[in-house]
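Please look through the structure below before reading the numbered points.

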Amino acid sequence: MTIFNPYNIAVLGSSGAIGKAFSKLLSKRYPNASIFPFSRSSKYGVVDYKNESSIAKIAEIAAKKKPLDLVIVCNGILHDSEFQPEKSLKDLSAKKFHQIFEVNTIIPAIIAKYF
């Protein structure tokens with residue numbers, strides 16, 4: 001049986017509740033690992049998720065010394081200050097769907113491209 005023991009971990013979206021919880025849990029479970037908690041306000045590297053070169057830059061920072069063993073993507077959106085979750089069909093809009101699809105689908109795919 002192989003035991004998974006990561007040494008180099010990146011957590012994207014680490015400023016949110018889920019990302020913070022993952023970062024905290026991973027640092028306790030793997031105390032010898034290097035954990036890179038990236039977010040829009042991170043000391044390791046600020047990431048602009050809508051800018052592909054920004055994602056490429058933090059991927060380079062995380063893998064500088066050794067390859068990454070684990071990458072966790074915690075960024076996502078259900079609602080924001082402009083819109084709330086739809087409760088009826090009249091609340092649907094193309095603008096909302098485009099934003100949700102970009103954040104929850106396209107950006108994680110771009111992250112996978114570089115990490």
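1. Serine 42 is buried, with a relative accessible area of 12%. Here buried means under 20% relative accessible area, exposed over 50%, and partly exposed in between (1.4 Å probe, protein chains only). Serine 42 sits in the loop between S2 and helix H2 (52–62). Between serine 42 and serine 14 there are 28 residues in sequence and 8.2 Å in space, C-alpha to C-alpha.

2. A word on the source. This is a predicted model, in which local features need pLDDT of at least 70 and side-chain atom pairs count only at pLDDT 80 or more, while totals for chains, interfaces and linings use all residues. Residues are numbered from 1 along each chain as its sequence is written, and side-chain values use heavy atoms, with hydrogens and water left out.

3. The protein has three helices and three strands, and along the sequence they follow the pattern β-α-β-α-β-α. Helices (H or I, at least four residues) and strands (E, at least two) are DSSP runs, numbered from the N terminus. The C-alpha trace spans about 50 × 30 × 30 Å along its principal axes.

4. Of the 115 residues, 33% count as buried. Among contacts (heavy atoms within 4.5 Å) between residues at least 6 apart in sequence, 64% join residues at least 24 apart.

5. Which residues of H1 are buried? They are Gly19, Ser23 and Leu26. Seen down the axis of H1, the buried residues fall within an arc of 75°, so they line one face of the helix; the arc is that of the directions from the helix axis to the C-beta atoms. These buried residues pack against strand S1 (8–12), strand S2 (34–38) and strand S3 (70–73). The face turned away from the buried side carries exposed residues, among them Lys20, Lys24 and Lys28.

6. Leu89, Leu92 and Phe97 form a nonpolar patch on the surface, with about 330 Å² of accessible area together. Accessible areas come from the Shrake-Rupley method with a 1.4 Å probe, and for residues only the protein chains shown count as cover. Patches are made of residues with over 30% relative accessible area and no salt bridge: like charges are joined within 9 Å, nonpolar side chains (Val, Leu, Ile, Met, Phe, Trp, Tyr) within 5 Å. A salt bridge is a side-chain nitrogen of Lys or Arg within 4 Å of a carboxyl oxygen of Asp or Glu. Phenylalanine 97 lies in helix H3 (residues 94–114) and is partly exposed, with a relative accessible area of 44%.
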